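Hi everyone, thanks for making time for this. Let me put one protein on the screen, and then I'll walk you through it.

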Amino acid sequence: MALEPGRPESRPTGVAGAERASGSLYRKVAADLREAITTGAFGEAGRLPAEGALAEQYGVSRGTVRQALAVLRSDGLVTSRRGTRRVVLGTARVQSFSELLSFTHWAYSMGEEPGGILDSLVRRPADAAERDQLRLEPGSDVYVTVRLRTLSGKPVMVERTIYPPRVGEIVAELPPDVVSHTEVLREHGILFTDADHTIDIVAANADDARLLGCRRGGPLLRERRRTTDPTGTPVEWSQDRYLPGTVAFSIHNSLATSALSRHARESD
């Protein structure tokens, strides 16, 4: 729930009071500013009010405002330069690579209600590429699901996932409207711990257009991944196709762990 602008900040004392101040007020301010940014209140590449103005607006300290702005910066919604006010980077929801393994977890972290509508689930023989990606023997079957994913009731993404038999057999028994496959599979001891990701742009096909309500041939942001368990065994090969403007991806890169690379676009 957003903090009402102008409400004076309470000044609790003691350790418990300090925890309440640091653990709730800045999150409420961040949530209110995030909502304003995502609804376009500041416009594209607009500037947020100065820290002092925000502190006065919300009736909080500058330290609380700085904590809230740090959250927005880590989410990739704002940036700052020395001597200037925070600049809004955009209105798209930001998804970090650590959250790519679970659409549901990401949605909840953004204060959205995730949804999943199963469009199809089939078991069929794996082709050569699927056997290679999932390390399957010749003659193996795979389970293929197509789901429409929603945020607070609005179509956002078409999820196509190919599971090896031991995983697909569990997925096939789930209700068609189950929100999270990942959480259920975790309860069955199947853990999603590592993934390789590729992000590019593709043209919407007929099924994308039907499910997302977009134009066939229109651009979609595609995120492909192969996910493995703690032993390195593949547990899914998936691709998600997002409507433009509904998601952004954040990347943290360092000299210590620099796994980010650039590739020429592959044919679809």
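I'll start with the whole protein, then go to the cores, the strands and a few single residues.

A quick word on where this comes from. It's a predicted model, so local features need pLDDT of at least 70 and side-chain atom pairs count only at pLDDT 80 or more, while totals for chains, interfaces and linings use all residues. Residues are numbered from 1 along each chain as its sequence is written, and side-chain values use heavy atoms, with hydrogens and water left out.

Okay, the overview. The protein has eight helices and ten strands. When I say helix or strand, I mean DSSP runs, numbered from the N terminus: H or I with at least four residues for helices, E with at least two for strands. Of the 268 residues, 43% count as buried. Buried means under 20% relative accessible area, exposed means over 50%, and partly exposed is in between, using a 1.4 Å probe and protein chains only. The protein exposes about 14,500 Å², and carbon and sulfur atoms supply 51% of that. Those areas come from the Shrake-Rupley method with a 1.4 Å probe, and for residues only the protein chains shown count as cover.

How about contacts along the chain? Contact means heavy atoms within 4.5 Å. Take the contacts with a separation of 6 or more: residues 24 or more positions apart account for 60% of them.

Now the cores. In soluble globular proteins, nonpolar side chains tend to be buried together. A nonpolar core here is a set of buried Ala, Val, Leu, Ile, Met, Phe, Trp, Tyr and Cys residues joined through side-chain atoms within 4.5 Å. Which residues have the most contacts inside the largest one? They're L33, I37, L69 and L72, in a core of 17 residues. Helices α1 (14-38), α2 (51-58) and α3 (62-74) each supply at least two residues of this core, and α1 gives the most, with five. If you click on L33, you'll find that it touches F42, L54, Y58, L69 and L72, not counting residues up to four places away in sequence. There's also a second, separate core of eleven residues, which includes M110, M157, L221 and V247.

Let's stay with α2 for a moment. Its residues E51, L54, A55 and Y58 are buried. Why are they on the same side of α2? Because they cover an arc of only 100° around the axis, where the arc is that of the directions from the helix axis to the C-beta atoms. Just after α2, G59 takes a positive phi of about 70°.

Next, please find strand β9, residues 234-242. Eight of its nine residues are buried. Two strands pair if DSSP finds at least two bridges between them. Strand β6 (residues 154-163) runs antiparallel to β9, with six bridges joining them, and V158 stands opposite R241. β8 and β9 form a hairpin with five residues between them, and G232 in the turn has a positive phi of about 85°.

S238, in β9, is buried at 3% relative accessibility. A polar contact of 3.0 Å joins its side chain to that of T161. By polar contact I mean a pair of N or O atoms within 3.5 Å; within protein, one must be able to donate a hydrogen and the other to accept it, and residues adjacent in sequence count only if both atoms are side-chain atoms. D200, in strand β7 (residues 194-203), is buried too, at 10%, and its side chain makes a polar contact of 3.2 Å with that of R224.

Back in β6 we have V156, buried at 2% relative accessibility.

Last stop, backbone angles. Most residues other than glycine have a negative phi. R135 isn't a glycine, yet its phi is positive, about 55°. R135 sits in the loop between α5 (128-134) and β5 (141-151) and is exposed, at 51%. S152 has a positive phi as well, near 50°; S152 is in the loop between β5 and β6 and counts as partly exposed at 44%.
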